[in-house]
Every structure is written in C-alpha cells, then in structure tokens.
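Dear colleague,

I am passing on the structure we spoke about, together with some notes on what I found in it. Please look it over first and then read on.

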Amino acid sequence: AAPAALTSVLGISSKVVLSAPVPLLICRGCPAFSLLRLLFNRRYFLCPEQFLQSFLLLLFQTTLAHIIANSSKKNGTRFVTLSATSAKTNDVRDVISQAQNEKRLFKRKTILFIDEIHRFNKSQQDTFLPHVECGTVTLIGATTENPSFQVNAALLSRCRVIVLEKLSVEAMEAILMRAIRSLGVQVLGQGNQHSSSATGSSSESSEFPVYIEEKALSTLAYLCDGDARTGLNGLQLAVQARVATGKTTPLNITKGGSVDGILITEEHVKEGLQRSHILYDRAGEEHYNCISALHKSMRGSDENASLYWLARMLEGGEDPLYVARRLVRFASEDIGLADPLALTQAVAAYQGCHFIGMPECEVILAQCVVYFARAPKSIAVYRAYSNVKECLRTHTGPLPPVPLHLRNAPTRLMKNLGYGKGYKYNPMYQEPVEQDYLPEELKGTDFFKERKT
C-alpha cells in the first residue's frame with residue numbers, strides 16, 4: 001500500500017525535510033500568514049515581493065503529491081492534478097479559471113500538481129507565470145529531468161527546487177520487507193533460521209508456504225540501484241514464477257523437522273530482475289554526467305575508471321557513435337602533439353563502430369579508451385587555439401588586414417596593387433627565411449604561452 005503520511009515515506013533524508021518547510025506546512029494545513037512569515041524569517045527569498053510571488057517546483061515522487069493532496073483536503077484547499085504527457089494548454093487554462101473563481105467567490109486556495117512538467121514546452125510553461133505570481137495557484141511540478149535544462153528560466157527563477165536522491169540500500173530493504181509481509185512471504189535468515197514472519201497469508205496463491213532467503217532480499221536491494229519500482233517488480237516476478245512452477249523444497253525451519261515450502265533464492269531474484277538496473281538516460285542529465293566522467297578519467301590516466309564509465313554508457317543503451325565522436329575530440333584536445341597517432345586511433349575506432357555496430361564494436365571503443373588513458377597528454381594546441389579565439393573576441397576596432405606580401409595575386413590589377421609583393425617562397429631558400437606572417441599589430445605574439453587575464 002502507498003504511504004499515507006510524509007513520515008511513512010522512506011528515502012527522504014532529514015536535510016531534505018528540514019530544508020523544505022513549505023511542503024511540510026502545506027501538509028499540516030499551516031495558515032498562509034504563518035507560512036509567509038516563516039519564509040521571510042528563514043530568508044529563503046531575497047525580498048517580500050519575491051516571496052509573496054513565489055511557488056514550489058519540487059522534484060517529488062507522485063506518492064508525495066498524493067500525500068499533500070490528502071492533507072490539503074483537510075484544511076479546505078483544492079488539489080488538482082494534471083499530467084504534462086496528456087494535458088494541453090487549454091486544460092491548464094481551465095484549471096486556472098476554476099482556481100480564480102474559487103479564490104474570488106469562496107476564498108479557497110488551489111494547489112496545482114503537474115506530473116512530468118518537463119514535457120511542457122517553453123511557451124506552455126509560460127502560461128503559469130502570471131497566475132503563479134499573483135497567487136492564483138500554488139504550483140508543484142514533478143520531473144525526473146534536470147530543471148536547469150528542461151524548465152523555463154523565468155519559471156525556475158521563482159521556484160524552490162528540492163532534489164530527492166535515489167533510495168539507499170537500507171531504505172530499499174525496508175520497502176522490500178513491507179512488500180513481502182503484504183504478500184505473506186516469510187524470510188529465512190542465515191543457516192535457514194526463520195528470522196521474520198509475515199503478517200499475511202500466501203494461501204490464496206499457493207497451498208504451500210512461500211519463503212525467501214535473506215540474502216536474496218539484500219541482493220535485490222543492491223541490484224535495483226535505488227529504484228523502488230524496479231525492486232518491487234523484480235520481487236513480484238520472482239515470487240510469481242516460483243509459485244507458478246509449484247516446486248517445493250524441504251526446509252529445516254523448526255526444531256522438530258523439516259517443512260515443505262516454495263523457496264525463493266538469490267538466483268531466482270536475479271532472474272526476476274533479469275539484470276542489474278543501470279540508471280542512464282540518453283537524453284537527460286545522466287548522459288552528460290557519464291561522458292564527463294569518462295573524459296576526466298582518461299585525462300587523469302585512470303584506465304580502470306575509463307572502462308567503467310564507458311561500460312555504464314554502452315550497457316545503458318548509449319549510441320556507440322556518439323562515444324566515438326567524443327573520443328575523436330579527446331584525441332586532439334587532451335593528447336594532441338604528445339601522441340599524434342591518437343587521432344588516427346580515434347578515427348579508426350569511429351569507422352570500426354560504424355562498420356559493425358553493437359555489441360561487437362564495444363571492444364573497439366574499449367581499446368581506444370585504454371589507449372587514451374595510457375597515452376601522454378598535451379593541451380598545447382588546445383590552449384593555443386583558445387588564446388587565438390580570445391584574441392579575436394577581445395580585439396577592439398576593425399580587425400587588422402592581411403599583410404600585402406601574404407595575399408594571393410591571381411590578376412594583373414592585384415599585382416599592380418602590391419598583392420604578393422616581397423613574398424619569399426620558402427622552398428627556394430637553403431637557409432631559414434626571415435619573414436613576418438602575422439599582422440603588424442600582432443607582431444611577436446606567441447599564442448602558445450600562457451596569456452594574462
């Protein structure tokens with residue numbers, strides 16, 4: 001069963017709760033005056049105008065939204081839910097129109113919860129701005145994406161963002177224990193000792209009692225990577241599969257003898273989960289986090305970490321050609337002239353990935369990544385080119401003209417104007433040629449030296 005109170009929700013740290021007084025006060029039915037006074041005293045906003053016009057954008061699970069909904073009904077506040085995956089702009093306008101009427105006629109407040117708010121485009125998100133600022137609705141948005149990328153900056157600047165991290169292993173074990181009690185499953189501890197009895201009964205689905213090893217629960221809590229839905233689905237599949245087979249196992253759980261029962265082991269849990277859950281989103285923040293970790297690991301010459309982050313991306317479904325393109329960039333940016341063959345390796349890896357695809361090309365990328373991690377590093381070219389760009393950006397006035405002796409002179413008129421005059425063709429000389437190639441204003445500039453900022 002879903003939690004009915006905020007205190008029943010696992011995985012919320014005390015820091016999150018203490019730093020988020022607004023949702024707690026909404027749940028407790030705190031009057032508006034007390035709420036604003038607390039916000040002002042705690043200095044969450046810069047000035048009274050801003051906190052009077054503020055709203056919440058919470059990275060909340062939908063479960064927490066339902067808890068707020070149930071609590072808001074007790075103090076007479078309307079709670080309206082919309083999903084950005086199916087709602088249109090007209091739906092939002094209808095809700096806001098109703099909220100205006102409720103506020104004007106009945107002095108009743110409205111909390112508007114938008115699930116998957118990142119699915120609204122920028123213009124749709126702008127619809128909320130005037131009504132949030134005047135206090136028509138209190139907006140709560142739920143999203144699994146980074147709001148810095150997916151939420152309108154004007155909307156984000158007026159929000160209070162609360163991040164809910166993935167569940168810890170301990171929280172996952174507690175959630176799984178709740179689930180097995182509701183299913184009527186009993187837990188076997190080390191040495192087949194009965195360590196926890198269920199409060200329900202499994203007789204509805206099986207004539208034999210169902211048991212699960214304590215080690216199997218711990219393994220499941222680790223493998224689901226903090227995702228409760230993945231863990232519960234894996235547990236359910238494992239239980240259903242074992243009950244469907246009807247195979248029993250003699251279990252020594254009593255002093256007097258053994259009892260036949262259906263046993264769920266660690267292997268059964270792994271089969272139900274199919275594989276360890278990998279948190280990776282090709283279009284979201286984790287995409288950029290992992291490629292950044294790979295880049296920095298190769299730069300730091302840590303070949304083990306480099307392979308790990310490469311596997312995290314590929315096993316999570318990343319396009320191998322995207323990784324190969326990033327390796328081409330790395331070859332020149334971080335290795336450069338310290339090992340000019342690195343660029344050849346990167347281009348060859350890209351071509352290999354293009355020819356054979358996944359999963360065969362994973363070892364090609366692994367070879368390239370290890371080569372780059374072990375290669376010497378040089379950013380001389382990267383730094384010099386950055387200095388050139390900075391020189392162009394900070395130049396005041398018209399850019400200096402190309403010196404006449406460096407200009408091409410394909411016509412007689414250009415030759416008469418002095419184009420190419422005085423140019424020394426280097427291959428015609430045995431000794432080094434004294435000749436300027438930079439404009440007069442930049443004569444003697446060395447872009448390979450560290451520039452003063």
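I begin with Ser301, which lies in the loop between α15 and α16, in what is, please keep in mind, a predicted model. The phi angle of Ser301 is near 60°, a positive value in a residue other than glycine, and with a relative accessible area of 41% Ser301 is partly exposed. A second residue of this kind is Lys107, where phi is near 55°; Lys107 sits in the loop between α6 (89-106) and β3 (110-115) and is exposed, its relative accessible area being 69%. Most residues other than glycine have a negative phi, and most peptide bonds are trans. Against that background I would also point to the peptide bond joining Met358 and Pro359, which is cis, with omega about 5°; Pro359 belongs to the loop between α18 and α19.

The buried residues of α19 are Leu365, Ala366, Cys368, Val369, Val370, Phe372 and Ala373, and they pack against α15 (285-299), α16 (303-315), α17 (320-335) and α18 (341-356). On the α16 side, Ser306 is placed within that helix and counts as buried because its relative accessibility is 0%, where the cut-off is under 20%. Apart from its neighbours within four places in sequence, Ser306 is in contact with Leu294, Ser297, Met298, Val369 and Ala373.

Elsewhere in the chain, helix α11 (residues 169-183) and helix α13 (residues 228-245) pack at an angle of about 40°, with their axes 10 Å apart, and the two helices are therefore oblique to each other. Their crossing is right-handed. The contact is formed by Met172, Ile175, Leu176, Ala179 and Ile180 of α11 together with Ala228, Gly231, Leu232 and Leu235 of α13, and these residues divide into 8 nonpolar, 1 polar and no charged.

For the chain as a whole, the secondary structure comes to 21 helices and 10 strands, and buried residues make up 38% of the 453 residues. Among contacts between residues at least 6 apart in sequence, 70% join residues at least 24 apart.

Notes
Residues numbered from 1 in each chain as written. Predicted model: local features only at pLDDT ≥ 70, side-chain atom pairs only at ≥ 80, totals over all residues. Heavy atoms only, no water. Buried < 20%, exposed > 50% of the residue type's maximum accessible area, 1.4 Å probe, protein only. Helix = DSSP H or I, 4+ residues; strand = E, 2+ residues; numbered from the N terminus. Contact = heavy atoms within 4.5 Å. Axes fitted to C-alpha atoms, helices over the stretch in contact; angles between N-to-C directions. Parallel < 35°, antiparallel > 145°, perpendicular 65-115°, else oblique. Left-handed = near helix turned anticlockwise from the far one by under 90°. Nonpolar A, V, L, I, M, F, W, Y, C, P; charged D, E, K, R; others polar.
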